[in-house]
Every structure is written in C-alpha cells, then in structure tokens.
Amino acid sequence: MADTGLLESLLKRVENVDGGVDSQDVAAVLGVDHQVIVGAVKSLQALGDVISAEQCSSKRWELTAEGAEIAEQGSHEAQVFNAIPEEGLPQSELMKLPSGKVGFSKAMSNKWIRLDKSHKGGPRVFRMVENVEDTVREKLLLVKLGGASQLVEKEKNELKKRKLLTEVTMKSYWITKADAFSTTIVKQETELTPEMIATGSWRGKKFKPYNFDAMGVAPDCGHLHPLMKVRTQFRQIFLEMGFTEMPTNNFIESSFWNFDSLFQPQQHPARDQHDTFFLSDPAMAHEFPQDYLERVKKVHSEGGYGSQGYKYDWKLEEAQKNILRTHTTAVSARMLYRLAQQEKFMPVKYFSIDRVFRNETLDATHLAEFHQIEGVVADYGLTLGDLMGVLHQFFTKLGITKLRFKPAFNPYTEPSMEVFSYHEGLGKWVEVGNSGVFRPEMLLPMGLPEGVSVIAWGLSLERPTMIKYGINNIRELVGHKVNLQMVYDSPVCRLDL
C-alpha cells in the first residue's frame, strides 16, 4: 500500500484537472519517480471503483550519455575547432584529443578546418573560418529542454545516427475519476470477523472485493518418495561409474531366460508355484535361439565346459512356461547372450533398477513385489578381488563405507558372496546384497569367449534406502516412536534376491 499522503495528492490532482491526467505529468509535478506513481495508481485501484486508469504509451526523444556530455561541453567538431590556434596544430597532436578523430572528420566536412600535408613540420591543421556555430549542441539542448518536436525528422535521425539521441517508448496511465471517486482514503476491510457480526458493525464497514482470480498459497506438501530419491541416486552412481542401463520393460519372462539360461535346475525350489507367479494366458513362450537352447539343455542334462551338469531329464515344456520375472538377472542373461553374438567381444558394464515379483504370503515382513538393483561387468580376467573393489566403490558413493563379505551359494555364480553393511541405527551388521562371478556353465553356452569373466551383484532397492536415510528419518516420516527391528524387517526394507 502506497503512502496515504501520496495517494491523496494524486486524487486531488485528478480532481483539479478536467478530463484526467497522465501519470508521467503527475510524477513531474509531485517530484517523484514515475514508478512510485504507478504503485499509487495500483493501490487506488485495489480500493475499488475510485479511479479509472488506462495504460497508454508514447514515444519521445532522449539524449544518450554521449549526447548529454556534448550538450554540456560542445560537439566533437566544435571542440576540435576550438583546440586549433591561429598558427595551426600538427595533425598528430590533434588526433590525441578525446574528440580528435570524430571531430576532425566532421570539422573537415563542415569546411571549418583544412589540412596542409606539405607543411615542413609534417601535416598541420589550420582554421578556415574565424568563428563557428555549434548547431549540434544547440539541437541537443533543445531536446533536453523538451523541445524535440521543433526538430525535423532529418535532424533527429542524423543525431540518432551519431548515437547522440535515442527514441524511447514511455508507458504511463491516463487517470480519470470513477463512480466512487473521493479524495479521502477509506481503509477497506479484508476480513469479516465474528465480532463484526455480533456487534453489527459490519453494516458500516467497506469491504475489499474478493479477487477470485488470485493465485492461492502453494500448499506446503508433496515430496519425492525416499525410495525414488535413492533410486535416482543409484542410477546416477552407475552412470558416473561408466555403466549402461539395460532395458527392463518386460515384466513377463519365460522360465528359460529367468532360470534355465542361468544354470538353475528345473527342480530348483525357486521354480515352484509357491515361490513364482506363473501366467495362464499366454502360458507358454515359443521363440528361443534354438542352437543356444540346445547348448543349455546339454549343459543341464549332460554337463560340459568342465562341468558334469545336473544329470536330469531337461524338459522344453518346463522352460517354456511364462512367469512374472523373479529377478532382473533374466535381463542380464539376455544382454550377455546378445553381447556373445557380436563379431568381436568388447568389455561392457551394465546395470538395471526395476521391479521383480515373488509369490510370497503377504505379512508384516513380505511383499509380492519389490525393486532389484543389478550391476554386471564383463571382461577378460576379472576376479573376486575386482568384484569386491567395485562393490566398495559403489557403496562408498552411496555413503555406505563399512562393508563385510561372507561366502554364499547361488546356482549361477561361483564363487558367491553376501554383502553386509554396518547399520548405525540398529547397531549391527545387516545384509544389503548378493554377489558373485557367473559360472562358465552359464556364460560359455551363450558363446562368450573362454577367459571372459562376468562379475555381478544384486540388491533390493528398499533395504539400502533404509540404511541411507536411517531410522531417525523414518521416525520423522511416521511422526512417532517405532521399534527399530520391526521397521527394518518390514516390507519396505526387506531383501529378497
């Protein structure tokens, strides 16, 4: 709200002038900046139908900074002329003047001076007239005093070309009286209070109209889910480490790619209906690389590549069964097979972060789906030491520095390790992932060269989220005390690999 005294001065000015006033004129009369008057106009408009203000624009000529300087000191050519004594001045000396170059050219054009190139002391400049009339300065002074309209367009354009004059667009308001015009400012009420209703004083009050087009206050709510924050952070870490993201947009997978290609036997408990979601329609997959399928069948049933296999009757119909993928390692298997089909092997680093599904009984510690993170590195001569180094680098970037590794068993990795991290909130070591080196029985049937090793690790997105954000932050999210072990074992934090 503008100053009341300024508002009333503006209203009196409107009252005393018939037909309305221009805000630029009011600013000049009151001796204030035009933007102050603009603010006063808007304040009066907010009071209701006091004044009417129509925005308008006009053009006017103003002096540039250089033009203002010339209006004070004279044009460049006049300064050059005045600097030349009767006996003349060497051209080299004249050019050292601030206005020397421009002034010399203009003075020569006006035939105020002449240049004697044959002078024995070198080129010398002499006056050609006794006195000069500095019309440029006179025109600029006329514009400065508001008399730009007295100049013809040619003169204005010439000064503009010399960058002494500029045309500016002035925006202002044409202010007139409105229906509720008054020179007295009456404060409008913005709120109808219970006291006003009880006493009846509201009848004598003037209320400010509601602005239904005004933007409301942005609600202080809405945040990224902690799981999504950590997912983005994981993805950024993988990209910083030079990994390429694998396509994971196929939730439905065949048992062949989900189990058989990973050297996981068909009688493994994980392939039971109690652990896996099987599809009824379409129940079977039919498109497989036939030569690769035969090699997988052989290594399962007969062995090969230095392995005796599982020695069982491998069945195609079991491999054809469609399921909801139980891990994203199925995607890794597809990508490694595609890599093996390339004419020349090139080392790769892949990663994926996406949902997987398990046929679990839903309870306080189990869900039917969760997010799995997977990293895969393929190159010649990779060892368990390389895997441990990559895992340390990976988790350190996440802020998890205390790691331990424990030998484990996986059907498709040998050696295998479980990864543990120390949880400050729980005060103990907790499992955060599983890892290992893919077995030759998985890699060689794909067609990868001998000597190529593939190290891999997988973890649930939910459990590192818990470690990253900590129990105290979880407490803040739920707003009350919680049992630490109960939160850690909840479906949000479970690990299922």
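A salt bridge is taken here as a side-chain nitrogen of Lys or Arg within 4 Å of a carboxyl oxygen of Asp or Glu. The model is predicted, so that local features need pLDDT of at least 70 and side-chain atom pairs count only at pLDDT 80 or more, while totals for chains, interfaces and linings use all residues. Residues are numbered from 1 along each chain as its sequence is written, and side-chain values use heavy atoms, with hydrogens and water left out.

The structure holds 16 salt bridges. Side chains of opposite charge can pair when their charged atoms come close. One of these salt bridges joins E424 to K402, with the closest N and O atoms 3.2 Å apart. E424 lies in the loop between strand 13 (413-423) and strand 14 (428-438), and K402 in the loop between helix 16 and strand 12 (403-410), so the pair ties together parts that are 22 residues apart in sequence. Helices (H or I, at least four residues) and strands (E, at least two) are DSSP runs, numbered from the N terminus. E424 is exposed, at a relative accessible area of 57%, and K402 is partly exposed at 41%. In these terms, buried means under 20% relative accessible area, exposed over 50%, and partly exposed in between (1.4 Å probe, protein chains only).

A salt bridge also links E240 and K397, whose closest N and O atoms are 3.5 Å apart. Since E240 belongs to helix 11 (residues 226-240) and K397 to helix 16 (residues 384-398), this pair ties together parts that are 157 residues apart in sequence. K397 has a relative accessible area of 35% and is therefore partly exposed. Within helix 13 (residues 290-301), D291 and R295 are four residues apart, about one turn of the helix. Their side chains meet in a salt bridge of 3.8 Å, N to O. D291 is partly exposed, with a relative accessible area of 46%, as is R295, with 27%.

E253 is found in strand 8 (residues 252-254). This residue counts as buried because its relative accessibility is 2%. The side chain of E253 makes a polar contact of 2.8 Å with that of R334 and a polar contact of 3.1 Å with that of N250. A polar contact is a pair of N or O atoms within 3.5 Å; within protein, one must be able to donate a hydrogen and the other to accept it, and residues adjacent in sequence count only if both atoms are side-chain atoms. Leaving aside residues up to four places away in sequence, E253 touches N258, K321, N322, I323, R325, A330 and R334, where contact means heavy atoms within 4.5 Å.

Helix 3 (residues 34-46) has 13 residues, which at 1.5 Å a residue should span 18 Å; its end C-alpha atoms are 19 Å apart, in agreement with that value. The expected span is 1.5 Å times one less than the number of residues in the helix. At the start of helix 3, a side-chain oxygen of D33 comes to within 2.9 Å of the backbone nitrogen of Q35. The buried residues of helix 3 are H34, I37, V38, A40, V41, S43 and L44. Their cover includes helix 1 (4-16), helix 2 (23-30), strand 2 (51-63) and strand 6 (165-177). After helix 3 comes G48, with a positive phi near 120 degrees.

An open sheet is formed by three strands in the order 3-5-4, with antiparallel pairing. Strand 3 (89-90) and strand 4 (113-116) are the edge strands, each pairing on one side only. Strand 3 pairs with strand 5 (residues 124-127) in the antiparallel sense over two bridges; two strands pair if DSSP finds at least two bridges between them. R124 in strand 5 is the bridge partner of P90. Helix 7 (residues 100-109) packs on the sheet, touching strand 4 and strand 5, and its direction makes about 105 degrees with that of strand 4. Axes are lines fitted to C-alpha atoms, for helices over the stretch in contact, and angles run from 0 to 180 degrees between N-to-C directions.

Two C-alpha separations were also computed. T190 lies in the loop between strand 6 and helix 10 (194-199) and is exposed, with a relative accessible area of 58%. The C-alpha atoms of T190 and A330 are separated by 65 Å, the two residues being 140 residues apart along the chain. G304 is placed in the loop between helix 13 and helix 14 (316-320) and is partly exposed, at a relative accessible area of 23%. Between the C-alpha atoms of G304 and A53, 251 residues apart along the chain, the separation is 92 Å.
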